[in-house]
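Trainee: Could you walk me through one part of this model in detail? I'd like a close look at the ligand site.

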Amino acid sequence: MKLPFGFARSSLRRRLGVGLAAGMAVLWLAASTVAGLVLRREVDEVFDSALQEVAQRILPLAYAEVLARDADNTTQRMAPVGPHREYITYVVRDAQGRELLQSSDADRLKIPRDLPPGFHTTDRLRTYTEAAVQGTIIVTTAEDLTHRRAAVMRAMTALIWPLAALIPIALLGVWAAVRLSLKPMVVFRAAIESRGRGNLMPIATEGLPDEIAPMAASVNALIGRLRGTLEAERSFTANSAHELRTPIAAALAQTQRLISELPDDMRRDRARSVETALRRLSRLSEKLLQLAKAEGGGLLAETPAPLGPVLCHVIEEVSRQADCGDRLEVSIPADGGPPSDLDPDAFAVLARNLIENAVKHGDPDRSVTVRLADGLFEVSNHGGVVPADRLARLTRPFERGQTAAEGSGLGLAIAAAICRGAGLVLELVSPIPGKADGFRATVHLGNDTVESGSVGQR
Ligand SMILES: Nc1ncnc2c1ncn2[C@@H]1O[C@H](COP(=O)(O)OP(=O)(O)OP(=O)(O)O)[C@@H](O)[C@H]1O
Ligand SMILES: [Mg+2]
């Protein structure tokens, strides 16, 4: 479902952050509006009471003043006591509406006549009228409405500004709180993401909130079950290898014995072809088991260790079997190289296949370079260039190139399966960059970038 504001694609953190921020802003606006309305009513009450108070105070004074005056018709204007703004203005009129007494600002306000007793609001004034002596003296106090509105506005502004300044701080607080609270979830997600066919370590459950801890426990139980299944599969593979190896070896031994015992060349040749077929079968079963193991997972070691010692061992084995010790130019860091979490057995199979290939398919008169360095393992050999379209297919099982050497076409498929399972990149290049011929297989053990124009396997 498509939600507004792109929520469908957004994270829980963003949803919470935006939701809380929007909720806070709406509440703040609602609270400000209510506060404004209450403030306005209170201000009205205070100002109205002041108007009434002034009118009631002036009434007896005006009465005394009018009695004491000569009976003329002139209006007496009260001189201001000192310079000040007159907020409440008054006028005292007689029954005919003639002004008898008025404050200094009364002319400016033009207080209308015949106002009803009590409070009254015109378009510019708020007035209070009180009559005495049977309606012969009428006092009207008035206040400019703009003054009242300005007072409310000033009070509202004083109320809202500090809150407006607090809003960004509150939003920042919401953002930080959401981020901090959801951090364990992000760590948990990253931990699950990093679990794959190669990494089946349990997820750390320390520090997880109560809401996610049961989920982590379930995931760990699931990983545990998967580990158990894979281990069973691996032990089945290992047992099968052993079970296959033994009868093939026995058949080979019997065939070799038969060859030595047979009296004529013709039957000896037939027995030799049986021996060759058995050797091929032995190699094929070995490679098939390696492939099954590589695709079965468990390619990461529990504790990272340098790969140098394993590589030394593989090189020793390959040079003994292929008798090519002088062709190999090996470069391994003295300290064994940086620690890698690739399983040592898996690395041995990977290295063995790549080195065997270079020895087997490369130019037999030229050297093979094996290099273990920071973040990469590289095997290069001279020899014919492998066309790009074929290069791209070589990692498929049983795919072979133009070569006179024997093989089943599984070596690179095994190497690619190991790299895929361990999250590494296998890069095949031909010719060797900067050279006219050759073949180079590189395993990127770290996060270094893959050269463009090459074939990379993930
Ligand atoms: N280092 C190399 N130099 C040149 N060609 C190579 C090299 N490595 C592999 N190839 C080509 O890729 C093909 C596939 O290699 P792969 O290792 O999968 O099978 P194989 O070596 O033929 O047989 P297997 O490894 O099963 O004994 C080879 O047949 C060969 O043509
Ligand atoms: Mg091979």
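**The ligand site**

Mentor: Start with α7, which gives the most to the shell around ligand 1, with four residues; helices here are DSSP runs (H or I, at least four residues), numbered from the N terminus. Being in the shell means having a heavy atom within 4 Å of the ligand. Bear in mind that this is a predicted model, where local features need pLDDT of at least 70, side-chain atom pairs count only at pLDDT 80 or more, and totals for chains, interfaces and linings use all residues. Side-chain values use heavy atoms, leaving out hydrogens and water, residues are numbered from 1 along each chain as its sequence is written, and chains are lettered from A and ligands numbered from 1 in the order in which they are written.

There are 19 residues around ligand 1, and N357, H361, N381, R400 and S408 come nearest. By class, that's five nonpolar, 10 polar and four charged, with Asp, Glu, Lys and Arg as charged, Ala, Val, Leu, Ile, Met, Phe, Trp, Tyr, Cys and Pro as nonpolar, and the others, Gly among them, as polar.

Now the polar contacts (N or O pairs within 3.5 Å). The side chain of N381 puts an N or O atom 2.8 Å from a ligand 1 nitrogen, while the K360 side chain has one 3.0 Å from a ligand oxygen. L412 uses a backbone N or O atom instead, 2.8 Å from an oxygen of ligand 1. Alone, ligand 1 exposes 600 Å², and the protein buries 96% of that (Shrake-Rupley areas, 1.4 Å probe).

Key
A polar contact is a pair of N or O atoms within 3.5 Å; within protein, one must be able to donate a hydrogen and the other to accept it, and residues adjacent in sequence count only if both atoms are side-chain atoms. Helices (H or I, at least four residues) and strands (E, at least two) are DSSP runs, numbered from the N terminus.
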